Amino acid sequence: MNSATVTFLRHAYKEYYFRSSDSIEVPDDIQSREFGYIPFGGGMVRHLTFKNRGEALVEFLKQSPSSIYCSNARYESPALPIEEKGWLGAELIFDIDATDIPTHCKRGHDLWYCEQCHSSAKLPKPPKCPKCGGPTSEFHGTCDVCLGAAKEHAQRVVAFLTEDFAVSRELVRVYFSGNRGYHLHVFDGRFDLLDQQARAEVADYVRGASLPLSQTLASTLRRRPTGGPLGEGWTRRITGYVDERRQTYPGTLQKLVSEAVSHQHALVDSSVTTDVHRVFRLSGTLHGNTGMCKAGVGSIDDFDAQKAPVVLSSKPVALKVDFYPRFKINGEEFGPFKAESVELPTYAAVQILTRGLGEVA
Ligand SMILES: [Zn+2]
Ligand SMILES: [Zn+2]
């Protein structure tokens, strides 16, 4: 990334932070949180603290970094090294990324490209470019299908929390991550003091990872009297699903049980849920790889992940693009581009520039 591009990106992000500081969601107990940021072209700065919202916003505007983070944990002394911070608890968090959900669309938009000659092809990525021997990278795109799948899995997490864990719906805040998925923050104090092990159990539960084998479940269901009680939790989910379809299902009961699990599990990233010292992108701030904002989601059903988080200006910018596949943002399609000069709205140009696949002209 050359210095003209860094200057352009910082300016574009600054303009957003200047105009939209109201939409940044700073926690009420700000003094007990750890903050961090990544400047454009630099490394992560962590262990920052702020006395109040105003002080935080001034720093965000001044730095206008590529990413801004805040801990889900509260600490006695958030500025100290991790072992000395004095951990006081952390909200339960779930992360759902379209990349982790198996969907057929991936073959259409995920590919590898050569960093040197910019030739590209479908995955898997060869270790070296077969044309020029240059280094290769993976490119993961998105589309309505995989973003829709991520949304579906976010809805499933909400269902698990409200139905199986008795969390009241207004304590679950859902956010679009600004890139390919959703973050769910659970503001139910019952979870705050859970350790990593207990959080791993919760993640396993929603992933359907700790269930008995489908064969075992099927043999239990075989002995179930018709119209018997559905049970609770996963038992209820599986029994209800099987009851509805068993009469007309062409396959074995064991297969139907597997389907009952895969249609209801939520593929959350367990490593995120179990990490009690992590810093998360702050809601209302911009994603460093897309220029879209981490946006609060009111109605999950109605949320348009390719429009709602687009907050940068549409001012045209001239850039030289090395390589970029066809993509959709704000309801418009752009590309594909290869070794060409183009003029794009700022919000679209930023996607290319932040990934290092072009420079401002
Ligand atoms: Zn090459
Ligand atoms: Zn897709």
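This report walks through a nonpolar core, a helix and a sheet.

The model is predicted: local features need pLDDT of at least 70, side-chain atom pairs count only at pLDDT 80 or more, and totals for chains, interfaces and linings use all residues. Residues are numbered from 1 along each chain as its sequence is written.

Let's begin with the core. A nonpolar core is a set of buried Ala, Val, Leu, Ile, Met, Phe, Trp, Tyr and Cys residues joined through C-beta atoms within 7 Å; buried means that 20 or more other C-beta atoms, placed from the backbone, lie within 10 Å of a residue's own. The largest such core has 71 residues, and Tyr-69, Val-157 and Ala-349 are among those with the most contacts inside it. Helix H4 gives the largest share of this core, seven residues.

Next comes H5. Helices (H or I, at least four residues) and strands (E, at least two) are DSSP runs, numbered from the N terminus. The buried residues of H5 are Arg-199, Val-202, Ala-203, Val-206 and Arg-207. Seen down the helix axis, they fall within an arc of 135 degrees (taken from the directions from the axis to the C-beta atoms), so they line one face of H5. Just after H5, Gly-208 takes a positive phi of about 65 degrees.

Finally, an open sheet of four strands has the order S6-S11-S10-S13, with antiparallel pairing (at least two DSSP bridges between two strands). Six bridges join S6 to S11, and Ile-93 stands opposite His-185 in S11.

Here are some of the elements with their residue ranges.

| Element | Residues |
|---|---|
| Helix H4 | residues 144-164 |
| Helix H5 | residues 196-207 |
| Strand S11 | residues 181-186 |

Terms used:
Chains are lettered from A and ligands numbered from 1 in the order in which they are written. A residue is buried if 20 or more other C-beta atoms lie within 10 Å of its own, exposed if 12 or fewer, and partly exposed in between; C-beta atoms are placed from the backbone. The expected span of a helix is 1.5 Å times one less than its number of residues.
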